[in-house]
Amino acid sequence: MNTSNIGLASYICLQGKKIANYSVGKRGIVTFTFELTEEEFKKMKLDYNNSEFLKFKQLLESIRAMIENKDAE
């Protein structure tokens with residue numbers, strides 16, 4: 001299964017799965033491939049969406065945006 005969501009890819013790695021492959025697309029978008037069944041991938045994605053890990057990622061992105069906006073002033 002594939003994802004270009006770096007947060008989800010990191011979460012899957014934290015769950016003990018390894019990145020089987022990755023590719024960089026035309027716009028620099030990285031797609032990560034994991035050797036998971038569709039059912040395993042869906043479960044991990046659901047778990048990720050309900051996790052503290054996602055909340056942390058969202059807060060981190062908010063703080064980065066705040067800093068970048070402050071620097072732009």
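Biologist: Which residue takes a positive phi just after α1?
Modeller: That's Gly 16, with a phi of about 95°. Keep in mind that this is a predicted model.

Biologist: And what reaches the backbone nitrogen of Gly 7 at the start of α1?
Modeller: A side-chain oxygen of Asn 5, which comes to within 2.9 Å of that nitrogen.

Biologist: Which residues of α1 are buried?
Modeller: Gly 7, Leu 8, Ala 9, Tyr 11 and Ile 12.

Biologist: OK, the inside then. How many residues are in the largest nonpolar core?
Modeller: There are 11: Leu 8, Ala 9, Tyr 11, Ile 12, Phe 32, Phe 34, Leu 36, Phe 41, Met 44, Tyr 48 and Leu 54. At least two residues each come from α1 (6-14), β3 (30-34) and α2 (38-49).

Biologist: Which element gives the most to it?
Modeller: α1, with 4 residues. In general, nonpolar side chains of soluble globular proteins tend to be buried together.

Biologist: What does Ile 12 touch, leaving out residues up to four places away in sequence?
Modeller: Lys 17, Phe 34, Leu 36, Phe 41 and Met 44.

Biologist: Switching to charges. How many salt bridges do you count?
Modeller: The count comes to 4. One of them joins the side chains of Lys 42 and Glu 38, at 3.3 Å from N to O.

Biologist: How far apart are those two along helix α2?
Modeller: They're 4 residues apart, so about one helical turn separates Lys 42 and Glu 38. Lys 42 is exposed, at 52% relative accessible area, while Glu 38 is partly exposed at 47%.

Biologist: What about Glu 52, which lysine does it pair with?
Modeller: Lys 55, with the closest N and O atoms 3.2 Å apart. Both sit in helix α3, 3 residues apart. Glu 52 counts as exposed because its relative accessibility is 59%, and Lys 55 counts as partly exposed at 45%.

Biologist: And where does Lys 57 lie?
Modeller: In helix α3, residues 52-72. Lys 57 forms a salt bridge with Glu 61, the closest N and O atoms being 2.8 Å apart. Those two are 4 residues apart, about one turn of the helix. Leaving out residues up to four places away in sequence, Lys 57 also touches Asn 5, Gly 7 and Tyr 48.

Biologist: Last one, the surface. Which residues make the nonpolar patch of about 310 Å²?
Modeller: Ile 19, Tyr 22 and Val 24. Val 24 lies in strand β2 and counts as exposed, at 54% relative accessibility.

How values were computed
Residues are numbered from 1 along each chain as its sequence is written. This is a predicted model: local features need pLDDT of at least 70, side-chain atom pairs count only at pLDDT 80 or more; totals for chains, interfaces and linings use all residues. Side-chain values use heavy atoms; hydrogens and water are left out. Contact means heavy atoms within 4.5 Å. A nonpolar core is a set of buried Ala, Val, Leu, Ile, Met, Phe, Trp, Tyr and Cys residues joined through side-chain atoms within 4.5 Å. Buried means under 20% relative accessible area, exposed over 50%, partly exposed in between (1.4 Å probe, protein chains only). A polar contact is a pair of N or O atoms within 3.5 Å; within protein, one must be able to donate a hydrogen and the other to accept it, and residues adjacent in sequence count only if both atoms are side-chain atoms. Patches are made of residues with over 30% relative accessible area and no salt bridge: like charges are joined within 9 Å, nonpolar side chains (Val, Leu, Ile, Met, Phe, Trp, Tyr) within 5 Å. Accessible areas come from the Shrake-Rupley method with a 1.4 Å probe; for residues, only the protein chains shown count as cover.
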